[in-house]
Every structure is written in structure tokens, then in C-alpha cells.
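These are my notes from a first look at this structure, kept in the order in which I looked things up.

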Amino acid sequence: MSELFSSKYGPWALVCGASEGLGAEFGKQLARRGLNVVLVARRADVLEQVKASILSETKQEVRCVTADLSSADAVKLVAEATASLDIGVVVYNAALSPLGPFLEQSVDESLRAIDVNVRGPIAFSHHFGTRMAAQGRGGLVLLSSLTAFQGSPFVTTYGATKAFNLTFAEGLWFELKQRGVDVLSVCAGATRTPNLMKAAPDGAPGMLEPAQVVTEALDRLGGGPTMIPGVFNRFASFMMRRVLSRRMTISIMGEQTRKLQKPKELPR
Ligand SMILES: NC(=O)c1ccc[n+]([C@@H]2O[C@H](COP(=O)([O-])OP(=O)(O)OC[C@H]3O[C@@H](n4cnc5c(N)ncnc54)[C@H](OP(=O)(O)O)[C@@H]3O)[C@@H](O)[C@H]2O)c1
């Protein structure tokens, strides 16, 4: 199975936001499936640790590229660093997720979330999608979220950027499948990553391990445009989209997300 995967999406994979959490796990599992991996993030030292961990268990090549994906130049920098590599799959995993009431966040922070979560996926999908389409094969994986399906209070801007990723990936899925390139939007629910555990030290309903999310996502690449990891999340999403009213769904999201911070920080 991993030979099939690597011949379809190899020899190189690129993971944007690969120093921890889901991104590091994508790097590891792509290497286990026989691909060489380029890891991108801002913290060079942490990237090197992920690289060492991959090298300790696979024979694949690993390269690290330090880049700030909120910068408009990031795609150019990564494109130059990978120009000689045949990249068959790109996972755009990095995200900025400002937490708290919209009006209490600086507008600069919200706009930076647009840069990392929206500008980045567009720029990377365009550059690497063009290369893949020219070869008639490849895969693009964009990280979305259950926050994408309705307004998500207290992560309002983040949720809206994840809605963008969902819709963007679905459009690209149709356009690019005719060019041999598979596109997948991964609508993850709560996942035990350092970022989530900072906000929710006690965990969250239906929380999954990164390994399960990534395995399910990579298994689904080449199928439909969208996937939701985990049975609990699929059931919750079904209820919220098909059974409950939109107003109720937004309220549930708001009350759940409110718990992610001390009550005094989130006024009722
Ligand atoms: N965890 C969850 O519960 C959950 C739920 C639903 C969806 N998701 C989605 O899954 C993805 C990963 O989430 P996560 O919780 O693992 O962590 P995350 O905090 O969203 O992303 C962490 C990774 O992205 C990198 N990164 C962040 N900003 C960057 C920037 N400006 N430039 C370069 N790299 C940057 C970080 O590395 P550096 O700090 O070293 O740069 C780190 O490797 C996100 O797209 C998120 O929306 C997560």
C-alpha cells in the first residue's frame, strides 16, 4: 500500500507547519509511506528534532526550511529551496488561531490569520498545483476544521479562514482531478496538539490523537473532496449540520469555545 502511495505522490512531500502537532505527524507518516519530506516552520531547532525523529525510524531523506508563512515572500522562499525536488504532495497544515472575543483582539492579529491561513494555502496551492498539474499527478491536503461549517464564536476569524479552506479545497478538487491532482480538505475536530492543549489542558469532547487524524486523512487522499476524522466528530457534525438549527449550532460552538479560556476573559 505504501508503494502505491509513494508512486502516486512521491518522491517528495512538503509539509507547511511541520514542527509540532499534526504537521510533525504528517511528516512522520509521509516518510513511513516511503516519501522524502521537506519540513517548513519558523523554529529551526524544533524542526531539526522532528527531522531526527523521522531519520531514526525511516530511510527517507528529510530537509528543513525555516520560513514564516505569514510573510508574502514565504512561497517564493520555499519554492526556491525546493526547486530541484519533485514534490508530489503538499500538506498546508500551519494555522494561526487567535482565541477570544473578536473586538478584544488586535486587527493585525486577525489579518495575520488571513495571511497564514488563507493567503498561504492559495499561494502554495497555486505554485505546487501548477507543477503537479504539469506532471499529471500529485496531491494537495489543506487543513480545515469543524469550525468551518458554521460561525464559531471566540475563534471567529479562525473559523472563517477554515471555511475558506473547505470551500477552496472543494473547488480545487473538481478542477484539479481533471489534471490528475487529488485535493483533500481535512475537517479536523479537537486533536491533542500542543496548540490545543495550551487552550484546553483538560482536553475537549471527542479529542483524537494526531496519529489517527493523519492516518485517516492520508488514507482518504484521492477520494472525495472533504473528510472528517473520527466517528464522534462525524456524528457531531452530522447532528450540527443536518438536525439542529444553525442558530443552535453556533450557540453550541460558542459555549464550547468559551470554556477554552478563563471565564473572566470571555464576557457573556
Ligand atoms: N489541534 C486541533 O484541535 C485542530 C482542530 C481542527 C483543525 N486543526 C487544524 O490543524 C492544523 C494544525 O493544528 P495544530 O493544532 O497541530 O497546530 P497549529 O498551531 O495550528 O500549527 C502548528 C504548526 O504550524 C507552524 N506555524 C504556525 N504559524 C506559522 C508561521 N507563521 N509560519 C510557519 N509555520 C507556522 C508551527 O511551527 P512554528 O511555531 O515552529 O512556526 C507548527 O509547526 C491547523 O491548520 C489547524 O487549523 C487543528
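Predicted model: local features only at pLDDT ≥ 70, side-chain atom pairs only at ≥ 80, totals over all residues.

I started with strand E2, residues 36-41, and found that 6 of its 6 residues are buried, so that the strand is mostly covered.

Next I looked up the neighbours of E2. With E1 it is joined by 5 bridges, and the two strands run parallel; within this pairing, Leu-14 has Val-38 in E2 as its bridge partner. I then followed the chain and saw that E1, H2 and E2 make a right-handed β-α-β unit. From E2 the chain crosses through helix H3, residues 44-57, to E3, and this β-α-β crossover is right-handed. E2 and strand E3, residues 62-66, are joined by 5 bridges and run parallel, with Val-62 in E3 as the bridge partner of Val-37.

I turned to strand E4 and asked myself: how many residues of strand E4 are buried? For residues 87-92 the count is 6 of the 6, so I take E4 to be largely enclosed by the rest of the structure. Strand E1, residues 12-16, is joined to E4 by 5 bridges, in parallel, and here Trp-12 stands opposite Ile-87, while Ala-13 stands opposite Val-89. Towards E5, I noted 4 bridges from E4, again with the strands running parallel, and Val-89 stands opposite Gly-139 in E5. A right-handed β-α-β unit is made here by E4, helix H5, which spans residues 107-135, and E5.

Putting the strands together, I wrote down an open sheet of 7 strands in the order E3-E2-E1-E4-E5-E6-E7, with parallel pairing. E3 and strand E7, residues 226-227, stand at the edges with a single partner strand each, which means that one side of each is left without a neighbour in the sheet.

I then checked the nonpolar core. The largest one has 70 residues, and those with the most contacts inside it are Ala-13, Leu-14, Val-15, Cys-16, Ala-18, Val-37 and Leu-39. As a reminder to myself, nonpolar side chains tend to be buried together in soluble globular proteins.

Last, I looked at the ligand. Which residues are the closest to the ligand? Of the 30 residues that surround it, the closest are Gly-17, Gly-21, Arg-42, Ala-95 and Thr-193. By kind, I noted that the residues of this shell divide into 14 nonpolar, 11 polar and 5 charged. Helix H2 (21-32), strand E5 (138-145) and helix H7 (194-199) each supply at least two residues of the shell, and H2 gives the most, with 3 residues.

Methods: Residues numbered from 1 in each chain as written. Core = buried A, V, L, I, M, F, W, Y, C linked by C-beta atoms within 7 Å. Buried ≥ 20, exposed ≤ 12 C-beta atoms within 10 Å, placed from the backbone. Near = placed C-beta within 6 Å. Nonpolar A, V, L, I, M, F, W, Y, C, P; charged D, E, K, R; others polar. Pairing = 2+ DSSP bridges. Right-handed = clockwise from strand over helix to strand, strands pointing away.
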